[in-house]
Amino acid sequence: MKKQDTIFGIHAVQALLDNSPERVIELWLLQGRDDERLTPLINIASSFGTTLQRAARKVLDDKAGSSQHQGIVARVKAVKPLIESDLDALLDKTAVPFLLILDGVTDPHNLGACLRNADAAGVHGVIVPKDNSVGLTSTVSKVACGAAETIPLFQVTNLARTMRHLQDKGVWIVGTAGEADGNVYQADLKGPLAIAMGAEDKGLRRLSREGCDSLVSIPMAGSVSSLNVSVATGVCLFEAVRQRLS
């Protein structure tokens, strides 16, 4: 397991300082940048005794592995990945679980956007397979705009087995598939629920599709045959939110 990670971007670092300031080892800040967006983060980090370093943009680009760092890069203590036993603990303490399953999403930008959607929709946890799927990376955290620090991400060894376990716990699993007879607006998305979304190009794998209690599609009126997985995730999650609030 990695001992250290890198987090960059104002929202991602803000969420880290708000939720787990003890994880921050040092902050690297863009030389010459002092403004109202960075100053509060500097003050919080300083109050916890975090080391602050100033550096040129190229140095920050190299540390972040990206030019999209917004002038702030944090070196942080890595956290232990959440696994099946952690998911059980969540289910035991959650009366009406609302979960998101992402089957084989490999693009960090898509995972980050899905985490952001999940946070906004009030999802209790996101489940991904350990293999053939992206985990938490610095890019995921940046795109998630802080959601990566608040939404539990469970990496499971066998997704089909985990889905069966969820069903044994009373969770209804609704998967998305273009060939489904019914659409997401006709489905009952109340009660203990997991929405399963497939990979960017292939959709749900066969075993994952077969493991769902029901399959739904998203109505498509134009010439485009499918949506980006993060957009489709937002559509499905917020239809569930609408139903659960009504």
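## Surface and charge

The accessible surface of the protein chain comes to about 12000 Å² (Shrake-Rupley method, 1.4 Å probe), and carbon and sulfur atoms hold 50% of that area. The protein chain also carries 26 positive and 27 negative side chains, with Lys and Arg counted as positive, Asp and Glu as negative, and His and the chain ends left out. The centres of these two sets lie 4 Å apart, placing each charge at NZ of Lys, CZ of Arg, CG of Asp or CD of Glu.

## About the model

This is a predicted model, where local features need pLDDT of at least 70 and side-chain atom pairs pLDDT 80 or more, while totals for chains, interfaces and linings use all residues. Residues are numbered from 1 along each chain as its sequence is written, and side-chain values use heavy atoms, without hydrogens or water.

## Overall build

The C-alpha atoms fill a box of roughly 60 × 45 × 35 Å along the principal axes. Of the 246 residues, 49% are buried, meaning under 20% relative accessible area with a 1.4 Å probe, protein chains only.

Among contacts with a separation of 6 or more, 81% join residues 24 or more positions apart; a contact means heavy atoms within 4.5 Å.

## The sheet

You will find 9 helices and 11 strands here (DSSP runs: H or I of at least four residues, E of at least two). Seven strands make an open, parallel sheet ordered β7-β6-β5-β10-β8-β11-β9, where pairing takes at least two DSSP bridges.

Glycine 175 has leucine 215 in β11 as its bridge partner.

Methods:
Buried < 20%, exposed > 50% of the residue type's maximum accessible area, 1.4 Å probe, protein only.
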